[in-house]
Amino acid sequence: MPTQQPPPQEYARIVLIIILLFFLYTSPDQGAPPGFQSPHDYAAERIDRFRHALDILNRTKWQDFSPKTADKSRFEAARYLNLTGFREDDDYAWERVDAFKKRSQEFTEEARLGSWQKDTVNGAISEVYQNVTGIVQGKWVRNTADLNGVPRTRSLNLTETSPVIDWAFRDVEYWTRNITGSEGKMMLRLDESDTGGVDVYPDTSKDPELPIESANIAREVAATLTIQDESSTGDGWDMRVHGVHWPKQGVMLLTTTSEKFSGVFGLPHLTMNLEQFKSSQRLLNKTLEREVESLEKSVWIDLSNPWSSSPDSPSDATMPVPHCEYVVYVQVYPMDLSLTSLGSQLDPAVVIDAIEQELRFPNGASITVVPKLKMSTVIFSPDCGFMLESKGPPTFVPADGTHLNGKKHEMFVQDIQRWLRAFAAVVFGQILLLKVQSKEASTPSIVGRVSLYTIAMMLMADALLFSSLSLLSATAPNLFPSALLTSFSALMSVALGVRFISAVYNVQEPERREALRAQLVAEAASRPTPAPRPIPASGAVPAVTPIITAAGVDVTPQPTVTSTPARPIDEPIIIPSDQDLDMEIAERMSAATAVPLLPTTNRPAAVQPPRATSSFGAAYIKFVLTLTFILFLSLSAISWSVPFRNGYIHILSFTYFSFWLPQIRRNVIRNCRKALLWKFVMGQSVLRLLPFAYFYLREDNILFAQTDWIAFCALAGWVWVQILILAAQEVLGPRWALPKSWYEEGWDYHPILSEDNVESGGLPIGLVKTPGSPKLERVRTSEDLGSGSKKDNSNTRSVDCAICMQLLEVPVVAAGVSTSGAAGSVVEMLARRQYMVTPCKHIFHSACLEGWMRFRLQCPICRENLPPL
């Protein structure tokens, strides 16, 4: 008895890995490596630097920071602050700060031209939003008007600027967020809160001798700035900026803050006038003091930096990456209240307050049109030395750009919810069409015509939609109902599609099995045949085989083998059509090569190998793996550069909208014409193009995607080309305009009938005229009597359809007439579409036989198997 191998330890590695991970997870923290600070020590030193910067902010006064610029006289002394980035030794490009302020003031004056009620003394504008939480986007250009030639060479030494920080690298050429292009796009996502005591009023206890006018009331604001140019990847450089908002003036001043730039602590010294300095200083003294005290209390549990410029990681790393710093000036444009219903009846401030209250706390008030957000901005980088501005008036005409435009946050959320509900309606329409098609394809004959890959491509898109919206509904509470509705619709579409695909897969399983069998036969035929062993002659004594036993070597004569006549190699193997091919071949081969053995000799029975069959589960696993790969590849494409990402989107969209190509190929292979309902083809094409039309053609779409009508026209044209090919296949035949070498010749149900083919059996049964044979004339009805001239025509034969029992008139080419002219005539081709001839030479109406073959692929008269349509 052979020795059994012990079963393999399949789970030994998994158990070992789990034990190793548990050991690593439960092992005590060994602390920071030698030469590096622990996160707690790093956070404690950072809090000390914050406290020092806050003390300097409290002690300084207006124009204590007055760097040397081109507009200052050489006799005027320059003054700097003892803040990181504001010192003279840091060698930042503060000589351009006056140009930055001047350009900001020009944008403010441009915005005030559209205001009807403005305070020329204090700069207050009444037609602006008091809360600017929202998203705006537009184009930017580089400003070099103040530069005379090449900018001066600066020496930036991070070791002197921030000596206690271990930077990842120090070379300026490797700094991130460095904008090198001349123009690009930008997006500003503002986040402002009205609560928390951030407003500063004239009765503030600090410094009561310097009262603040109501127009200079300040409020804290934060924003995420995204700048995109040729040097950036993905959507551009993202940064978090913090600053002050003067809502009565519509002015915001924001800045980044890092270990090499104390931006938020020196922000009041970058304001435009004394009133803005006083209000911003009082506000920041209040808010920064509160934040620093909170950091000191939670230094052991919270290591985050509240003013970090990184949107993704609020806690700065112990080895930070240097990047360019930014100072952002934003001017909010006044709104056009003439579009609202109350714009001409009430005070603008009252109307704006009512709109904002309704948006934040809806109570059913009627708002005809909600004005959009419009802003202009000037951006200055003190360390990298460049200056950017939004593209628009007064430098550019409105056709080139209108600065930054967008919507309030509440309106943006409402737009997303509305479009998600519309998207859910589109998916529901796809479900109804798929349900109608599934009901239509209720028989194996029709299901066999449907392409598995066409439905699978549609199903994959629905599965991607379901996974994306499920994640959105779980992470965005404001969008939960709408996202859940759309994801549920996509899930229903996926469930119904999987059911339909399962039916198609099971019906087409014999076809795949036959294809596999044909492939194996072809491979076996291509292999060399081994030479047959010689058969001993009659009466020949076989060789004696020694047998080794425990007693020694014994020689036992073998029985005499009688020769049997060999089976001729060319003998055909006739197999009935209702038997198994493999089993019949095995029986014939075993019967031909069988040799009579002695009763004492037992030969083990030949084991028939099991038939290889494929399961739907294996195909489903491949489908899920492909879907997962596309999902992760699409997520990684977000970080690609814009040209590569757009190319990937176009390729993926073009591949998706090729879902009718597999059905066209299926029609050619099976020589079938009516596989899918036309309402399904047209409806699915239109419904699946609608979401792409929204993102490709609408400028203010919810994903801020760039419009490209040329790409959409190409995609839509490609879909309609496939639809036209499907229509041509139904009218002209599935294999029209294709060379015969591209496919296997199939049965033509609409042949050209000619009297020359009588002897070869070319005419169907019932159309052959036998001279001198008895014939029963069909009793004519009144309709037949009215069309007697057609029946007398020698080119038309009449026969009864065995399905509908109605008269069928068939055109027949007379003897001696060439059929080439009839083959190319459109009239003759349409006439041939009225009848169908089976391989068993029975003829029927086309509509009758097509309806019959929907349920059974057998001849209605003789029950012979019929090729599929």
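Reader: Which helix gives the largest share of the nonpolar patch?

Author: Helix 16 (residues 678–697) does, with four residues; helices are DSSP runs of H or I, at least four residues long, and strands are runs of E, at least two, numbered from the N terminus. This is a predicted model, where local features need pLDDT of at least 70, side-chain atom pairs count only at pLDDT 80 or more, and totals for chains, interfaces and linings use all residues. Residues are numbered from 1 along each chain as its sequence is written, and side-chain values use heavy atoms, without hydrogens and water.

Reader: Where is the kink in helix 16?

Author: A bend is the angle between axes fitted to the seven residues ending at a residue and the seven starting there. In helix 16 a kink of about 30 degrees lies at Leu690, shortly before Pro691.

Reader: Is Asp91 buried or exposed?

Author: Buried means under 20% relative accessible area, exposed over 50%, and partly exposed in between (1.4 Å probe, protein chains only). Asp91 has 17%, so Asp91 is buried. Its place is the loop between helix 2 (39–59) and helix 3 (97–112).

Reader: What is the phi of Asp91?

Author: Most residues other than glycine have a negative phi, and most peptide bonds are trans. Asp91 has a positive phi of about 60 degrees. The peptide bond from Pro393 to Pro394 is cis, with omega near 5 degrees.
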